[in-house]
Amino acid sequence: MNPLFTPLQLGGYSLRNRLVMSPMTRSRADDISGVPSDSAVIYYAQRADAGLIITEGTQPSPMGKGYVRTPGIHTAAQVQAWRAITDAVHQKGSRIFLQIMHTGRISHRSLLPGEATPVAPSAVLPAGSVFTASGPLQMEMPRALQTAEVAGVIEEYRLATRHALEAGFDGVELHAASGYLPEQFLSSSTNQRSDQYGGSLANRARFILEVLAAMVAEAGGDRVGIKIAPEMNFNDISDAAPQETYRYLVQQLAPLKLAYLHVALYKAGFDYHALLRPLFGGAYLQGGGLDKKSAETLISSGHADAAVFGSLYLANPDLAKRFMLDAPLNTPDRNTFFSPGTEGYIDYPTLEGSVKRALRIHSYGGEQAVQLDAIAEPKPAAGEVIVAVHAAGINGLDWKIRDGMLQSVFPLSLPATLGIELAGEIVSVSADVAQFKPGDRVMGAMGALGAYADRVAISAEKLALIPAGLSELQAAAIPVAALTAWQALFEAGELKPGQRVLIHGAAGGVGGFAVQLARRAGAHVIGTAQLANVDYLKELGAHQVIDYRSESFWASAENIDLVLDLVGSSVLANSWQLLAAGGRIVSTAAPEITAVAPAGKRGIWFQMRPDSRQLAELAALVAQGELKARIAEVVELADAAAAIERNKTGHGPGKSVVKFAM
């Protein structure tokens, strides 16, 4: 199972995967009001296949703005606009946290109310320029916050957190990286204060810890995260002892019980993850130049709980699907990272309709070996059609392959899509197929794995039309069961009128058809089944039913011409003694039957072959009421793995069927 697509508990939330969309400044908000644009709704919703989205940096107050066209979270209009975004993301099943970003000295008077001077812990001029509506402008000397003012800035963070929750956000992230105000307080190069917010390491960390405490007071620790980036040195910031500084800071986070610690590393030569991860009790998010392979290694090794992607998510709205399929990735266009408008924002192409679902086995084992994946849209080869699968029958082969029982018989390249029969509607045909057209309702046995998928490419020669009056659910219960019963009895078993046939596992899908077909052929039919299914089998025509849980079938039957073994194991071992002279056992469950057959006994391992003509005849008998196709249960595709397990351990009479979206 791919570690990126396992659930993650983050604070009070269970994320559906471990992909996190990084906060990225995009400069698409209204520059005057700070209200996110309508396009932002589309932008975030497009990327909601991430387990968690962290928004672009958002100013908690007008004085927190540092770039042109960045959004705020301090007015009613801003809250209302963000609400549309969070609603859209939640409808797609993702979680979204708001990153609160006060840029401090990384600003310019032209961006601030009344052309105010940018604020900072100390009046230290940053090198470089800032991006404004007039283009890049040289940064200017900031004003040092007075001690009495600091509490007001902390209050802005608290109110921003409250507003974020009102806007429907699942939580908030404190941006304490990239050389912005919190990191300015933390770092020795930018904090030259002599009050309780400067000097010692404990004092320099005080601002961040008090801001977090205020945010936690509003939201609770399980809805608050923090981002740090040791030695990133962005925006002309540095620290004299960064390892000591960040070790201390993270140690102080413990009482707050934060949802996560987001650590982004870019050029640091020191392994901060090895230092910091053991110090933090919540989810550990790691970002900085990751790709699919490095992210998988990161999670599987336990070095992080989630992988954070920036420009890859910017350019690939459906990044999770592309990772699932190993599909090519779009290349980010750096020229449109911060430009106004929709270009480079909501126009990156997606895989769209080419992504379908499939239930695939990833390893041999129990139920957890099977998961629902995204797969590519199939294309019909010569002689093939594409079927939109509406229903598929569950077979014993599914769990036997899943549990590794048939590895030597059916070697697979994993992952492999399970399922060997289907019913649905043809959506396209190859040019050389004349007997079917799009819109035809069809049923068929695959003759291979692959039926548990939204779309399947299958040879037209394996399909039969579904008779009028039969639903796709009914049709899905017929192909493998009916063909197996017919071929095992009359082709492999050479059953003739008047012979005695013993059917093991007679209440299942194959067994139910076998009882009916043998009785129609004039055979004397004995079935083994659970006591609860005795009446059902007698309805189908069985002359005798043996409750295998309370009776020794080998003591209740004799002179059997044909044993149809659908169970294997000890049932097969105890059946040899029942055979009449010239009798045989046909088994669908024991590939080893020839090797274990006693001297003088005939044993055949039988494998069904697709036969559209036979299938059409059998389906017509069902439609006419001459044969019964019993359905034991109908399950959704998402619950198919559990149904496969039930199929292994026994269920009600008939066939289990997986229902797809129709």
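This is a predicted model: local features need pLDDT of at least 70, side-chain atom pairs count only at pLDDT 80 or more; totals for chains, interfaces and linings use all residues.
Residues are numbered from 1 along each chain as its sequence is written, and side-chain values use heavy atoms, with hydrogens and water left out.

**Exercise 1.** Determine which strands pair with strand 19, and in what sense.

Solution. Begin with the terms: strands are DSSP runs of E with at least two residues, helices are runs of H or I with at least four, both numbered from the N terminus, and two strands pair if DSSP finds at least two bridges between them. Strand 17 (residues 384–393) runs antiparallel to strand 19 (residues 421–429), and six bridges join them; within this pairing A391 has A423 as its bridge partner. Next, strand 19 is joined by five bridges to strand 20 (residues 441–445), again antiparallel, where G424 stands opposite V442.

**Exercise 2.** Describe the open sheet of six strands and the helix that packs on it.

Solution. The strand order is 25-24-23-26-27-28, with parallel pairing. Strand 25 (544–547) and strand 28 (602–605) are the edge strands, each pairing on one side only. Neighbouring strands are turned by 15 degrees against each other on average, direction ignored, where axes are lines fitted to C-alpha atoms, for helices over the stretch in contact, and angles run from 0 to 180 degrees between N-to-C directions. Five bridges link strand 23 (residues 500–504) to strand 24 (residues 524–529) in the parallel sense, and H504 has T528 as its bridge partner in strand 24. Finally, helix 14 (residues 509–520) packs on the sheet, touching strand 23, strand 24 and strand 26 (560–565) (contact means heavy atoms within 4.5 Å), and the direction of helix 14 makes about 170 degrees with that of strand 23.
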